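Subject: Handing over the structure

Dear colleague,

I am passing the structure on to you below, and after it you will find a short account of what turned up. Please read the account with the structure open beside it.

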Amino acid sequence: MSLQRFWSRGAIYLVLIAFCLFYLMPFYVMFITGLKPYEDLNVTRMWDLPKGIYLEGIIEAWKRVAPNFRNSAMITIPAALISSFIGSMNGYVFAKWRFPGSDTLFVLFLVGMFLPYQGILIPLVRTLQIVGLYGSPVGLIMVHCIFGIPITALLFRSYYASIPNELIDASKIDGCGFLGIYRYVLLPISMPAFAVVLLWQFTSIWNDYLIGLVVLSSPRLAPINVAVQNIAGSWSVEWNVQMSAALIAALPTIVVYLALGKLFMRGLLAGSLKG
Amino acid sequence: MLIPSIIAVAVFIYGFIIWTGYISTVKWNTVVEDHTFVGLQNWIQLFKMDRFHWDLRNLALYAVGFMSQCIVFGFLIAVLLDQKIKGEALFRTIVIFPFAVSGIVTGVAWRWLMQPTTGINLLFVKMGLENFYFEWNAHPKWGILAITIAAAWQFTGYVMALYLAGLRGISEEVREAARVDGAGTWALYRRIIIPLLMPVTFTAIVLTGMGSIRVFDLVTILAGPAFTTDTLAFHMYQSTFGQYRFSMGATVGFFMILLSLFLVVPYLRSMQFEAER
């Protein structure tokens, strides 16, 4: 390796490491602050490691957000499952049963993925009030499923499009109908797509703030991110509790991301429509 | 099988948008639902509103700050990672990591980092840069730009992933051919790779643009004084659910939809075009 090459390689690594430090910095601060006792929350020693591991911040935060953590789980898991299932059916139709106007319809679906929710919030609240689902977790699950229709249809459509049409035609000859093909041919080989979509939906529903805030804001029923904002917004100076609450809120998606990062990447790329 | 979804999308997205548009033309500005038609009165009132002017100014600043950070750093990191780096997977994981956490978590962490008396300011002092002192999100003029730092922290990894996938899609032959023609590294990127990655840049512009229009959770948690960090989304939320001025909220919401269409329509057009090829 020439000397010049050595230096330029070194510079690349240095820049990358600097970027990584920047991306990790907020996590570092959350961790060390969350592990400090209240007396140790001195602004001049913010960057110092805690003198030991003190769990009082985490315990206090857990006491306050545990019900909301449970709410989020009870909302996110069913919503992610149901919307993935709906997405696989829609994706199947869009990919394998094209009909006149189906592509236009698909684009109209996608538009829904991009529009800001502020443009539909008031009718949404009114409708939920009319059908008696306002302020109920079931209502929030339903809303997440509906708003998940575009992205899940997109992800499944691109997966099913990659499956050769010959397979579908052969099954037709074997006597499989519309539902039969879905049930016996496509569904059994859909697991990779399900994994990507479930992961994507899980993350975005868990991390949602706006819809949870609007549809389910009562402190007892609210999802975790609403609860964390309530703690942070109360201008309390218990930074250790705030940081611990934020860490608790982030934990499920962090674990999922670290365990299934590759799938996450695939979702990211497909989610931008260009994967 | 598709029909329930079609109905759901038709009602919950398109129907609701039209409904919002309708609400913006009536006099429903108290808790009591009022359907008296007032034409464009809400719109005129909105356009004259000081707060709305702040929102537009903040949108412009936010979009410029957020987009440029995401695109410049996203591209730069992707290019660096594309140099056959050892431990690429680890670097990639760390850069995308923030995207896995919510806007609220991001906001809580950055609010601490942006406390004037501690946080990053203290870090500057520790590094011997005593002259670096910022008010961050509390700055009466540029507070909104500080928020874009937190926003870009979260979203750059996504843009980086898009660029990295794009770079991987450029074949070695293209690079080799350019080198044979005597192009140096700089010229290779400027003349060949950046133009080839235009579709990715376009995607990144649309996605970060949408993110700029709808930013809500970060400005809730990192709010600065008065309207210095106010956004359309926050304005809509407060008008509607704080002041019960539903028609005003609907007007802001519908305005946001109109703005987004400027980004969404060309984007989906380009997609369709690509699909037809």
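A:Arg64 and A:Glu60 both belong to helix H2 of chain A, where they sit four residues apart, about one turn of the helix (helices, H or I of at least four residues, and strands, E of at least two, are DSSP runs numbered from the N terminus). This is a predicted model, in which local features need pLDDT of at least 70 and side-chain atom pairs count only at pLDDT 80 or more, while totals for chains, interfaces and linings use all residues. Residues are numbered from 1 along each chain as its sequence is written, chains are lettered from A and ligands numbered from 1 in the order in which they are written, and side-chain values use heavy atoms, with hydrogens and water left out.

Over all chains, the structure holds 17 salt bridges. One of them joins the side chains of A:Asp40 and A:Lys51, at 3.2 Å from N to O. Both residues of this pair, eleven residues apart, are in the loop between helix H1 (3-34) and helix H2 (56-96) of chain A, yet A:Asp40 is buried, at 8% relative accessibility, whereas A:Lys51 is exposed, at 65%. In chain B, a network of salt bridges links B:Asp82, B:Glu88, B:Arg92, B:Arg168 and B:Arg175.

A further pair in chain A is A:Asp169 and A:Lys172, whose side chains meet in a salt bridge of 4.0 Å, N to O. These two are separated by about one helical turn, because they stand three residues apart in helix H7 (residues 165-173) of chain A. A:Asp169 is partly exposed, with a relative accessible area of 38%, and for A:Lys172, also partly exposed, the value is 38%.

Lastly, B:Ala89 lies in helix H4 (residues 88-96) of chain B and is partly exposed, at 42% relative accessibility. From B:Ala89 to B:Leu164 there are 75 residues in sequence but 12 Å in space, C-alpha to C-alpha.

Conventions:
Buried < 20%, exposed > 50% of the residue type's maximum accessible area, 1.4 Å probe, protein only.
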